[in-house]
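Have a look first, then we'll take the questions one by one.

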Amino acid sequence: MADRQLEATVAAAAFQKAWFAGVRRRVFDERQPYAIVQADVPFEPFDLLDVPAVSNQWWAALVAAKRQAPAYLDAMSADGCHQGLCRYCSLGYASTRYRDVQPAPWGGLPTPRLLCARLTCDCIGRVFALWAEAFGTEVFELDNPGASELPPRWWELGRHEWRRLVEPHRLAFAITTLERLVARLEEISGRRLDRDALRQRLEMVNRQEEIFDAVRRLIADAPEVPVRMTEQISNVMATQWVRGTDWAIAHARAFHDEVAHRVEAGIAACPGERTRLMWVGAGLWHDTDFYTAFEQSHRAVFVWSMYLAFGPDGYIRYGLDDPMAALASRTASFNEYLHHPPWAAEWIVQQARDHRIDAALVLRPRSTKPAATGRLFIERALDEAGIPVLPIEADVVDSRAWDPVAARAAVATFLETRVGG
């Protein structure tokens, strides 16, 4: 059945809930340390040193999906926080600082031993400093070295030629910063990082992302998209937070096999699809039904988002003689890959061509500073490639200014007048 969820999707949701319950049990009952980190912080050293890491963005998406963000954000605004503050990165802080407003999902975040953030915008250091104050814990900051050289088609260099892709001084700086983080995690855990184990973990990450690459090709080449974008995101992100583990690889394989079965059986997410859409930007976590709203009326289906595509192109690193350098090369340019011109625009246009995209909806985030920087360049590049673009002004976790009826009407008009859906 086209409308039936993948078994892998159900398993992914169950795993995430059980995993978080396990983290809470270890923290409260066994007094073990854990960390809250930004999504672009490398998770592998935390896991290998037995300091589980919870993604700030994952938690914010969970709070938003459960429709709890407005109450926390109202409390934050009433307390005098800047109205233009990035909601995606500060919602976790709000759920801690104003925990008396309402019970947080799944019992809320316990006090971490460490908060860790890459300094990718002007406000993130202050947000994490306030969060550390609210928790009564420490924060570790990772500097974000900007690129001065931008080789074209970065995704073709990242796997094998990552030393060429990342400028030597930037790579050396990123390595030094990660070594400082590892030293702090070793102090917290009382363990030493096994570099051979790190190499093995990165090899397993490669294996996981290779599977996702095969899924991406299945979806791109299928006559009709076999699995909705929302299910792609659910299955990919459940594994990315624990990437390179046995469970993550097994789940990636299960996801791949279900998608392959659907392709072979001719099962489509939207039978009779006429328009293939791509979503550029972070997920609209407070209104994920938006992504299926145009299937019945216009036979328009969302085929692509960055979540499945970025893993294979952004994470795979071959040649792991120096695993710390390979890990540093992966994290050094996340912002450029996903947000900054010309890297982000060039990659997204190529993805649109590979997936036979008919039209693109590009998120113009109201408050997410790094994600907003290159959106106009991405829109122009898609337009120049002959792909109609509809900008969507919204916040990914803050639903207070979101008008779902008006947004759906705007997309319908766009499909009927610009795309012919």
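Two strands pair if DSSP finds at least two bridges between them, and a strand is a DSSP run of E, at least two residues long, numbered from the N terminus (helices: H or I, at least four). This is a predicted model, where local features need pLDDT of at least 70, side-chain atom pairs count only at pLDDT 80 or more, and totals for chains, interfaces and linings use all residues. Residues are numbered from 1 along each chain as its sequence is written, and side-chain values use heavy atoms, with hydrogens and water left out.

Q: Why are β3 and β4 called paired?
A: At least two bridges are needed, and strand β3 (residues 114-118) has five with β4, in the parallel sense, so they count as a pair.

Q: What makes β2 and β4 edge strands?
A: The open sheet runs β2-β1-β3-β4, with parallel pairing. β2 (53-55) and β4 (138-142) each pair on one side only.

Q: Why is a space called a cavity?
A: Because, on a 1 Å grid over the protein atoms alone, a 1.4 Å probe fits there but cannot get out. By this rule there are five cavities of 30 Å³ or more.

Q: How much space lies in the largest cavity?
A: About 90 Å³, where volume means the space filled by probe spheres set on grid points joined across faces, edges and corners.

Q: Which helix gives the largest share of its lining?
A: Helix α8 (residues 168-189), with three residues; lining residues have an atom within 4 Å of a point.

Key:
On a 1 Å grid over the protein atoms alone, a cavity is a set of points where a 1.4 Å probe fits but cannot get out, and a pocket is an open set with protein on both sides within 12 Å along at least five of seven lines; lining residues have an atom within 4 Å of a point.
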